[in-house]
Amino acid sequence: MTQDVYVVVEHLRGQVMDISYVMLAAARKLAGSTGGQVVAVLLGHNAQTLAQGLGADRVLYADDKALADFSPTAYQEVLQALLAERQPRVVLMGNTSVGADVACGVAAKLDLPLVGSCLTIGEGGNPISRICGGKIMAETELADGTVVMTMVPGGYAPEAGRSSQAASMETLTFPPVGEQRVTLRQYIEPEAGDVDIAKEAILVAVGRGIQNQDNLELAEALAQALGGVVCASRPVVDQGWLPTSRLVGKSGKAVKPKLYLALGISGAPEHMEALSGVEMLIAINMDPGAPIFESAKYGAEADLFELVPALTEKIQQAKAS
Amino acid sequence: MNIVVPVKLVPDLVEGLSVDQSGTSLDTAWMRLIISEFDDHAIEQAILLKEAGGGQVVVVAPDVEGVDDVLFTAAAKGADRLVKLDAQLGIGVDNHTLARALAGVIKDMHPDLVMTGVQAHNDLDGSVGPLLAAFLGMPYVGYIAGVSAGDGRIAVRKEYPGGLVAEMEVQTPAVLGIQAAAKPPRYVAVSKVRQAMQTAKIEPAAVGEPDPRGAPKILRLFQPEPAERATMIQGNPEQVAAKLVDVLREAGLV
Amino acid sequence: MPIRDTFWNIPHWAEIGQYVLGALTILVFLIGVVRRIRRWRMGKPERRSDHIGRRIGLVLTQAIGQFRTAREPFPGVMHLAIFWGMAALVVGTILATVDWDVTHLFFGFQFLTGSLYVVYELALDILGLLVVLGLGMAGYRRYVVRPERLRDMPGRPFPWEDAYVLSLLALVAVSGYLVEGLRLAVVQPSWAAWSPVGNALAGLFTSLGDPTNSSLHLAIWILHTLVAFAFIGSIPFTKLFHIVAAPLNIFYTSLRPAGELAPARSGAEPGVKTVADFTWKQRLEFEACTRCGRCQDSCPAHASGTALSPRNLMIKLDTHLWEHANGRSLHGDVVQPAELWACTSCRACVQVCPVFIDQLGAIVDMRRHLVLEGTMDSRLQDALANLGRYGNSFGQSDRARAKWTLSHPTKVKDARREPVEYLWFLGDYASYNAALAEITRKTAEVFEAAGLDFGILYESERNAGNDARRVGEEGLFEVLRDKNSAALAKCTFQAIVTTDPHSYNTLKHEYDPAVLQGKPVLHYSELLDKLLASGRLRLSKRLGYKVTYHDPCYLGRYNGVYAAPRRVIAATGCQLLEMPRHAETALCCGAGGGRIWMDESEVKERPSEMRIHEAASVEGAQVFVVACPKDVTMYQDALKTTGQEARLAVRDLIELVAEAL
């Protein structure tokens, strides 16, 4: 058993996801209290280059054809063997469509303690989780043995988990991964949108409060006046009022605009996760208790149907003068 | 196809939450329980599969306040069997205990598919779905937004960030973590639920001793301080709009 | 001596032929009527034979007197002319038949003789002109004026039916006059002048001379006979059937108060899934429809561009009643969900229908099936789910219902704990909607100023259920009603007063009277009226605004409360200027029937916006006064979207009273 903190790197189609860097930053804090090293665990096929920039002390790389694309069962098989053998102090995985599929299975099979939804590591080295829609924080005791932890973004900036120095890489040897019961058939691309919201500087976001598709034109007008683009939270995309290319959130895109104007969005964690890079968040919502007001820079408890047209007009006037 | 849907009831956030005197659990005085949103989608997805290709849907839930209504509503939507775990699993139980209890009951049902919500908002030790899969010895895939069954194969749509979707093939028996059903959960008329209360039976299922091994020990629960709460702009819409334009101008955005 | 010269110039074979054809015609008529009656009886049962006296009275005023038809001047005169004219001619024919085939045949005398006879001739000649006049008006209206409500009707039994009916009747009348004219031209009796029309026509024919006139007379007499029998025979097979069905429908109309919706039938499935689920009375209604289109004209949903037309709905349902297994299903093929969901339950269609059809009842019955199937938009689904779970459509905790009292200076009594004189039932909007909280507080202020002993149910109040019921969720309505009833059972009160007309309606008519403990239910405008009249409430200021008042559907049309709010307005010293459509003809704001919970994307121009335009057209009106919390939100919104904020202000009646205190 070592005091090392392992971070299972999440990557999709040749790109390392931001959550991996967030976890590396958290691992750095944890390793500070456990006294071990930060070790990135990279599973893939011909994916060594992805290790570049990982803020880890060491990288463990496992290569197998079955790991070319994410498969929950293949990842579980490899990680189970690895953890049983190496027994680190903590293993961090993302509370995501990649990590969450694997973490519980690995922990349960190896009979390891498991804590989820971790946001930060407290001063005493204990994980602090965010639950109940962000309304409750839970500090739990870091158990003995190898602890499996799943992390949510928002507690650490991804930059803190990056490094320009290349860490030493150890290529693991293990028996080839066998036939899997869950296999990838194909990827389905998100609808090719005309815009990539992740690259836009000004975003006008609409949520449930927009009420119906026709009211989108209010948001479009405002976006146009500002020189930005309309995006949406999940309920709007689920209804089909905007394509998935405009979805901001856990299952959509993470965005980092200068301005994010949220109209009728309550601020559910799945949405807020994707806004950690926003410079100025302004929220308009009729409900003064909406969680989004806790993360926004400016807010107004107003009816968007009254405010948005007025705002659009004033911006047009301001730009004209 | 035999589909089992375990569901969890969680605190209804509409009622507000607070921490009790001990500081390590939630105050239940004003708490009301509601079915976890993703579990509701799991029930819907199971019913859709049954409607498309036949089979049986079994809904399993722990015995907590309001569970009967949840089960009868599921029956009114088309669930065939309703199973209630006996009373040792009150609210506040961890997912490891619950998953072990469910595994004990579900393995004897020999399901083809087990579908449950990909997560619940009060999950602190992982989610029930993948834990259950490990205890049942079945493969697990989560973040599913669409399931179809045809010629002995199960195809699922797994959602990744950025709108990317992966179509995956799953060999049964397997556990699926549902993010969204192919259609939003249907409305059930009150009269149908009342009818289900007359005709459907809830079967009790005995579970062994609770086994929380693996779940963390809670040191404290607290409400987050709204660190920098937003500067609220007051006034009528005209005034608010004017102030917002000032803010934007200062930030160089207008 | 003037006497009716029956069968003059008619050979024996023609006379016999007439009687034979007459018998055949009556046979065809009876077969047709029986066929229709049997189709009605295939419907579900319903009890409608109580209060025979009242029912007969209704038939006299509405089927014979046709009060509703007469509300509109041109169509009113037109139809009454045709009706009374034809009625007179039928009575005349009956008298003539009795005169010849009864008294003459069996008793050897005729009574249509002498002065009685000439008066008879004069009366029929003049009244027959009424028929011609009426038909002329009808032809003009249908083919020249071509009003919208007579156009674009869905599939008809045969497309030329309207033209057929008008021409047939015209032919009967004209051929009748021609026969008379020709007879008078040949016989030239001394009393010919007593038949002025016939006499004038005779003048045109004298030049032709006798053998021609006699032959013409016989020919046209035969034509007249055939056409008249065709008319009678086609009654059960064309829209003329309303002659039979309309009086029957009026006789069997519901005598329950307007605000009491017929409950869902108990048994397998509530609501109407296929046409077989309609009751015999509903089937009779579809048949009684004369396709006049007044319901369509008065429908706010239709005016705002949605898929609903009550007229088309009735026509389609009638057609569907007769379809033989051609695979079309009621829901989806004949009627679309969008049509049913567009209805605001304002009841304008029911009220205006001259033959007393209950279009709203059919719509709600079909909605009940849609609810069972879950065929509704997601906003409505959420609202219903919230009503079921939290007892309000906003999805807020039931514990937050009385939050408004926290910012009210005086403590509002808890009616659950102590007896009160007035139990104040607020309704969801007045309790939960932040924008309306101020109005709710003013209401409490006014009650206090009047020294009223009042209390509220606090968290035990639930949505009264009126709109859940109109949406078709009968089960949810029952749950809400039961919860409210349980809360009321523990209270002691002398009267219930409501802010909201919807709650008022359902509490008054759809809750068990025992729950109300025999006490009256008042709308706050009625209460204010009483308090002002008795002097218990005194107003010190005279406001002097020029106002117009919008009658809420559930207060006005449903419950006839028009005068009380107007007296209250007068008491505040405001001058009331009426909108063209007011009182019974007031235009609904569009929020009822659950519409306020639904997706509005197919609406072209909202009823509330149309209403604001109407109010703005009233010269000098400054304030738009409403008496319903939903109206406040609907119209404040409409002011913005129509850009009329500078022109009008929306005020609730209670705000005027509070200001005048």
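Student: What is the relative accessibility of R186(B)?

Tutor: This is a predicted model, where local features need pLDDT of at least 70, side-chain atom pairs count only at pLDDT 80 or more, and totals for chains, interfaces and linings use all residues; side-chain values use heavy atoms, without hydrogens and water. Residues are numbered from 1 along each chain as its sequence is written, while chains are lettered from A and ligands numbered from 1 in the order in which they are written. R186(B) counts as partly exposed, a class between buried (under 20% relative accessible area) and exposed (over 50%), using a 1.4 Å probe and protein chains only. Its relative accessibility is 24%.

Student: Which residue forms a salt bridge with R186(B)?

Tutor: A salt bridge puts a side-chain nitrogen of Lys or Arg within 4 Å of a carboxyl oxygen of Asp or Glu. For R186(B), the closest N and O atoms of the pair are 2.9 Å apart. The partner is buried at 2% relative accessibility, and its name is E44(B).

Student: How many residues apart are E44(B) and R186(B)?

Tutor: Helices (H or I, at least four residues) and strands (E, at least two) are DSSP runs, numbered from the N terminus. E44(B) lies in helix α1 (residues 37-53) of chain B, whereas R186(B) is in the loop between β10 (174-178) and α5 (190-199). The pair links distant parts of the chain, and the separation is 142 residues.

Student: Over in chain C, which residue is joined to D428(C) by a salt bridge?

Tutor: The N to O distance in this bridge is 2.8 Å. D428(C) belongs to helix α17 (residues 428-432), and its partner, 27 residues apart, sits in the loop between α16 (378-390) and β1 (413-414). Both residues are buried, and the partner is R401(C).

Student: How many salt bridges does a search of the whole structure find?

Tutor: Some of them share partners: D365(C), R368(C), R469(C), R470(C), E474(C) and E510(C) form one network. Another pair is E46(C) with R48(C), at 2.7 Å from N to O. Over all chains, the total is 72.

Student: Which backbone oxygen does the side chain of N559(C) reach?

Tutor: N559(C) is in the loop between β6 (546-549) and α23 (563-571) of chain C, and is buried at 18% relative accessibility. Beyond its neighbours within four places in sequence, its contacts (heavy atoms within 4.5 Å) are Y504(C), N505(C), K508(C), H509(C) and Y554(C). At 2.7 Å, the side chain reaches the backbone oxygen of Y554(C).

Key: Polar contact = N/O pair within 3.5 Å; in protein donor to acceptor, adjacent residues only side chain to side chain.
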